[in-house]
Amino acid sequence: MAKGSTHLAIEAFAGGIVLTTSIMAKGGGHLPAFIRWEHLLVFGVGFVFSMFLLSPDLDLRKSSHSHRWGTVRFIWWPYHLLFRHRGVSHNIFFGTATRLVYLTVVVLVIGMVFAHLWTQYGPGGIQGSVPGGGADLLLHNFSLAVYFIVGCYIPNLIHVTVDLVS
Ligand SMILES: [Zn+2]
């Protein structure tokens, strides 16, 4: 079983190649026009985000991956209880989706709690904005969301492959 740091090194190496190649291809006009620069950007952001913070090994009670969430790492405890190690969390189709959906739900719930507390106890006269606006933004920019999600999937697929062969 590969260590977290091994996973990270392999994913960073692959990500570096994929991103450099696609940036060079885009710069040279070798990519179709519908793939825009901002698509490559959100793809890269998704890739790095997933590599560091969305690892399939978040299904472990303690891992370097959950540790990277710092003080908010507790949000992954229920995930670890829900998903046994190397189960659905490591499925090539559903694994990343479980974490993206899980995280979206957690952020929305926390956002709603904060919004509620803000309207109940916050200073009057100031309109509280509901956190989770990022998700809203993504929904309104469907193609950006797709590239972000693809970016999130690839390091996870590499992780699962490395798990299989190690
Ligand atoms: Zn794993």
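Mentor: The protein chain holds seven helices and zero strands, where helices (H or I, at least four residues) and strands (E, at least two) are DSSP runs, numbered from the N terminus. Read from the N terminus, the elements run α-α-α-α-α-α-α. This is a predicted model, in which local features need pLDDT of at least 70 and side-chain atom pairs count only at pLDDT 80 or more, while totals for chains, interfaces and linings use all residues. Residues are numbered from 1 along each chain as its sequence is written.

Of the 166 residues in the protein chain, 22% are buried; a residue is buried if 20 or more other C-beta atoms lie within 10 Å of its own, exposed if 12 or fewer, and partly exposed in between, with C-beta atoms placed from the backbone. Among contacts with a separation of 6 or more, 65% join residues 24 or more positions apart; two residues are in contact if their C-beta atoms, placed from the backbone, lie within 7 Å.

We may now turn to the helix in question and its partner H2. Helix H2 (residues 37-53) and helix H7 (residues 142-165) have axes that come within 7 Å and cross at roughly 35°. Axes here are lines fitted to C-alpha atoms, for helices over the stretch in contact, and angles run from 0 to 180 degrees between N-to-C directions. The crossing of H2 with H7 is right-handed; a crossing is left-handed if the near helix is turned anticlockwise from the far one by less than a right angle, and right-handed if clockwise. H2 contributes residues including Val 42, Phe 43, Val 45, Phe 47 and Met 51 to the contact, and H7 contributes residues including Leu 144, Tyr 147, Phe 148, Gly 151 and Cys 152. By class, the contact of H2 with H7 has 14 nonpolar, seven polar and one charged residue. In this count Ala, Val, Leu, Ile, Met, Phe, Trp, Tyr, Cys and Pro are nonpolar, Asp, Glu, Lys and Arg are charged, and the others, Gly among them, are polar.

Within H2, Val 45 is partly exposed because 15 other C-beta atoms lie within 10 Å. Not counting residues up to four places away in sequence, Val 45 touches Phe 148 and Gly 151. Val 45 and Ile 149 are 104 residues apart in sequence, yet 9.9 Å apart in space, C-alpha to C-alpha.

The largest nonpolar core has 10 residues in all: Val 42, Phe 43, Phe 47, Met 51, Leu 54, Leu 144, Tyr 147, Phe 148, Cys 152 and Tyr 153. A nonpolar core is a set of buried Ala, Val, Leu, Ile, Met, Phe, Trp, Tyr and Cys residues joined through C-beta atoms within 7 Å. H2 and H7 are the elements that give two or more residues to this core, and H7 supplies the largest share, five residues. In soluble globular proteins, nonpolar side chains tend to be buried together.

The axes of H5 and H7 come within 9 Å and cross at roughly 130°. The two helices are therefore oblique to each other, since angles under 35 degrees count as roughly parallel, over 145 as roughly antiparallel, 65 to 115 as roughly perpendicular and the rest as oblique. Their crossing is right-handed. Gly 95, Thr 96 and Leu 100 of H5 meet Ile 149, Cys 152, Tyr 153, Asn 156 and Val 160 of H7. This contact comprises five nonpolar, three polar and no charged residues.

Leu 100, in helix H5, is partly exposed because 17 other C-beta atoms lie within 10 Å. Leaving aside neighbours within four places in sequence, Leu 100 is in contact with Ile 149 and Cys 152. Leu 100 and Ile 149 are 49 residues apart in sequence and 8.5 Å apart in space, C-alpha to C-alpha.

Finally, helix H1 (residues 4-27) packs on H7 at an angle of about 130°, with the axes 10 Å apart. That angle makes H1 oblique to H7, and the crossing of H1 and H7 is right-handed. His 7, Ile 10, Glu 11, Ala 14 and Gly 15 in H1 meet Pro 155, Ile 158, His 159 and Val 162 in H7. The residues of this contact divide into five nonpolar, three polar and one charged.
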